[in-house]
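These are my notebook entries from an afternoon with one model.

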Amino acid sequence: MQKYLQKALTNQFTRASIAHFGQSLKPPVRVAITGAAGQIGYSLIFRVASGEMLGPNQPIILHLIDLPFAMTALNGVAMEIQDCAFPLVQGIVATDNQTVGFKDVNYALLVGAKPRGPGMERGDLLKDNGKIFTETGKYINDHASRDIKVVVVGNPCNTNCLILANQIKDIPKENFTAMTRLDHNRAQYQLADKLGVHSSDIRKIAIFGNHSPTMVPYIDQMTAKNHKATVDQQWVTQTFIPSVQQRGAEIIKARKLSSAASAGNAAMNHITTWVNGTPEGDYTSMAIPSDGSYGVPKGLIFSFPVTVKNGKYSIVQGLPISPFYQGLLDKTIKELVDERNAVDHLLK
Ligand code: NAD
Ligand code: LMR
């Protein structure tokens, strides 16, 4: 049944795309999304399919991966993609088989994981999700394209990415990243709101550390409308930092579900920036393998300010770290070291 669905969809979309665009398109790339039957998936997949992530000239073969119990729902999602008649979609692989799911994949958005419920911290999820990412790492290593770019969204995303990357033997470690772009976007909005400007006017801010309540929203170099901007320190410590750190929990409290549309949006932003680069004079936040910068132990998957050019990211060096920020950095480093110690048995 699945084989049939995959073949039928591939034929239909290949025809549609050629008819619509002629020969001017790039060769198709394969984009895998795990947890594709889940709530982030439902918001993310359709935007990726529309070309929003990789641009209007980039045809896509979607690899939608979920667990066996979710296959009926996933086939429903596949039918809805058909019904959108997206010009850029050249095929859909909807599967619970990771060998098929990651075959020749160029981009992977790893959303599939057990989500956090009310009152839970990310650490609570380490055990269950650790197993998932060990397995997925093996499949990616064995079957994905050697140039694959991976963003881990499923929580606890930094340490899940560490577990995943540990399984990789033949693909550069820097191709494995985790998502803190949602936190970056959240910080951007809070600052814009405070300063009475638009989010897009806020530049040179970053998230350091873990995607957790210890994350460090760093704003000492912030500009608004290209001018150095400051906000009062009391607001920063008492309102801004806690509200960015706790925004995920606040949304869970309000929706009784974790953030989905904004998380999907950020995952797309992460890949788009990784492919297209950061604007001149700005940086973004990505959780990447530490090279020891800012005193962060090597190998931890740690969010840094990065610039991106030609598909390669570089950590922004030399940002001044005040004693206040150093205290916060120490805390988030410690939390990630503790998480790494807790999954030590999965890193052998
Ligand atoms: P959801 O429960 O709606 O969907 C998760 C989906 O993943 C389900 O369909 C489930 O069957 C599937 N799944 C579970 N294990 C899988 C596996 N091994 N392979 C493939 N699929 C698998 O959850 P959601 O709301 O979509 O959230 C997904 C994850 O994203 C959660 O871990 C959540 O905490 C995380 N999240 C991260 C951020 C971030 O900023 N990094 C933001 C929001 C949510
Ligand atoms: C978020 O930041 O919205 C997510 O990570 C959800 C969560 O589990 O906090």
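I needed one term before anything else: buried means under 20% relative accessible area, exposed means over 50%, and partly exposed is in between (1.4 Å probe, protein chains only). The areas come from the Shrake-Rupley method with a 1.4 Å probe, and for residues only the protein chains shown count as cover.

I noted that this is a predicted model, in which local features need pLDDT of at least 70, side-chain atom pairs count only at pLDDT 80 or more, and totals for chains, interfaces and linings use all residues. Residues are numbered from 1 along each chain as its sequence is written, chains are lettered from A and ligands numbered from 1 in the order in which they are written, and side-chain values use heavy atoms, with hydrogens and water left out.

**Entry: Thr278**

I looked up Thr278 and found a relative accessible area of 16%, so Thr278 is buried. I placed Thr278 in the loop between helix H10 (261–276) and strand S12. Helices (H or I, at least four residues) and strands (E, at least two) are DSSP runs, numbered from the N terminus.

Which backbone nitrogen does the side chain of Thr278 reach? I found that of Val308, at 2.9 Å. A polar contact is a pair of N or O atoms within 3.5 Å; within protein, one must be able to donate a hydrogen and the other to accept it, and residues adjacent in sequence count only if both atoms are side-chain atoms. I also listed the contacts of Thr278 beyond four places in sequence: Thr273, Tyr283, Thr284, Val306, Thr307 and Val308. Contact means heavy atoms within 4.5 Å.

**Entry: Leu300 and Ile301**

I found Leu300 in the loop between strand S12 (284–289) and strand S13 (301–309). Its relative accessibility is 2%, so Leu300 counts as buried. Leaving aside neighbours within four places in sequence, I noted that Leu300 is in contact with Leu162, Ile288 and Leu336, among others. I also looked up a pair: the C-alpha atoms of Leu300 and Ala342 are 42 residues apart along the chain and separated by 13 Å.

I then turned to Ile301, which lies in strand S13. Ile301 is buried because its relative accessible area is 3%. Not counting residues up to four places away in sequence, Ile301 touches residues including Leu162, Phe176, Ile288 and Leu336. From Ile301 to Val150 I read 151 residues along the chain and 13 Å between C-alpha atoms.

**Entry: ligand 1**

How many residues surround ligand 1? I read 25, and the closest are Gln39, Ile40, Asp66, Val153 and Asn155. Being near a molecule or strand means having a heavy atom within 4 Å of it.

I wrote down a polar side-chain atom of Gln39 at 2.8 Å from an oxygen atom of ligand 1. A backbone N or O atom of Ile40 is 3.0 Å from an oxygen atom of the ligand. At Val153, a polar backbone atom lies 3.2 Å from a nitrogen atom of ligand 1. On its own, ligand 1 has 870 Å² of accessible area, and the protein covers 89% of that.

**Entry: a cis bond**

I checked the peptide bond from Asn155 to Pro156: it is cis, with omega near -5°. Pro156 is in the loop between strand S5 (149–152) and helix H6 (157–166).

**Entry: positive phi**

I looked up Lys204, which is not a glycine, and its phi is positive, about 55°. Lys204 lies in the loop between strand S7 (202–203) and strand S8 (206–208). Its relative accessible area is 30%, so Lys204 is partly exposed.

Is Lys225 buried or exposed? Lys225 is exposed, because its relative accessible area is 53%. Lys225 sits in the loop between strand S10 (223–224) and strand S11 (227–228), and its phi is near 50°, a positive value in a residue other than glycine.

**Entry: Thr223**

I found Thr223 in strand S10. With a relative accessible area of 12%, Thr223 is buried. Among its contacts beyond four places in sequence I noted Lys204, Lys228 and Ala229.
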